[in-house]
Amino acid sequence: MKNQETKIVMIGVFKGGVGKTTTSINLAHALALRKKEVLIVDLDPQGNATRSLGYEVTELTPTVYTVMKGISRAEESIGQVRENLFLLPSNRTTALLETELASEVGREKALSRAMKEIKNFEYVILDCGPGSTIVNVNALVYATDVLMPIEIGVDSVEGVEDFIKAKEAICQKLEIETRLMGAVMTKVDRRLTLTETILAHCRTSFEGKFFAQIRTDTNLGHARGHRQTIFEYDRKSRAAEDYATMANDVIKWFKRK
Ligand SMILES: Nc1ncnc2c1ncn2[C@@H]1O[C@H](COP(=O)(O)OP(=O)(O)O)[C@@H](O)[C@H]1O
Ligand SMILES: [Mg+2]
């Protein structure tokens, strides 16, 4: 049973480098700054969200791996990273789950099972790694909603369709009803001729769904290098403005439901 109070948003597509982690941490911090209690679950073996938030993981630190394996309890494995912002970290051990869960019965539900007791957050943001991995299927099962970051580029549209098809196939097979929330267009650069065409196309295909845009801003990369969110690094930047707007729109979106 999904807890209807908590909005569990999977930031996912199976492609890498499209802005999943950047969106996860900055959207999450924007919501936290709006006084929402937010948990980020880092599900990527690369642990980019964990590192970008300056969270130290040693061999003894509980992670999403130990939680999904039942070695540590979720509530003891979550750390506070900012005011109102919490993290269940990841490191390369998360990759071991692919083989270790492979032969287990109910392997797609390991994350949902482990997170069942976690109820005091308004938003849970799932930062996913690339690929149609068992861990990402677990994210889809646990999530209430999926938000797709789309980087404007030649193959962006195909990647989107493939992901939506895969999502629907998985939901049907596992009999779950994770909603397709919508899309966030990342690295939007209006000076490029393709931009308007792709934006228009995506806006149409996501009609009636959530739709946000984040402009290209190198401050996002610099902020991560400093282990800061965009609101700490430069709150007057374009990206800070765009992620703040997106957070307001996310809050409004869930109020409508
Ligand atoms: N709006 C943006 N403007 C400029 N660079 C961006 C933007 N969003 C993401 N990036 C950069 O793109 C790269 C990939 O982003 P990332 O969030 O790590 O993608 P993913 O998690 O999907 O692999 C990073 O170097 C990041 O700083
Ligand atoms: Mg990432």
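In the predicted model, the axes of helix 1 (residues 20–33) and helix 12 (residues 238–256) come within 9 Å and cross at roughly 65°. An angle of 65 to 115 degrees counts as roughly perpendicular, and helix 1 and helix 12 are therefore roughly perpendicular to each other. The crossing in which helix 1 passes helix 12 is right-handed. On the side of helix 1, the contact is made by Asn 26, Leu 27, Ala 30 and Leu 31; helix 12 contributes Tyr 243, Ala 244, Met 246, Ala 247 and Val 250. By residue class, this contact of helix 1 with helix 12 comprises eight nonpolar residues and one polar residue, with no charged residue.

The two helices belong to a protein whose secondary structure comprises twelve helices and eight strands. For 257 residues the globule rule gives a radius of gyration of 18 Å, and the value for the protein, 17 Å, is close to this, so the protein is as compact as a globular protein of that length. The C-alpha trace spans about 50 × 40 × 35 Å along its principal axes.

Of the 257 residues, 45% are buried, a residue being counted as buried if 20 or more other C-beta atoms lie within 10 Å of its own. Among contacts with a separation of 6 or more, 78% are between residues 24 or more positions apart.

How values were computed
Residues numbered from 1 in each chain as written. Chains lettered and ligands numbered in written order. Predicted model: local features only at pLDDT ≥ 70, side-chain atom pairs only at ≥ 80, totals over all residues. Axes fitted to C-alpha atoms, helices over the stretch in contact; angles between N-to-C directions. Helix = DSSP H or I, 4+ residues; strand = E, 2+ residues; numbered from the N terminus. Parallel < 35°, antiparallel > 145°, perpendicular 65-115°, else oblique. Left-handed = near helix turned anticlockwise from the far one by under 90°. Contact = placed C-beta atoms within 7 Å. Nonpolar A, V, L, I, M, F, W, Y, C, P; charged D, E, K, R; others polar. Rg over C-alpha atoms; globule rule 2.2 N^0.38 Å. Buried ≥ 20, exposed ≤ 12 C-beta atoms within 10 Å, placed from the backbone.
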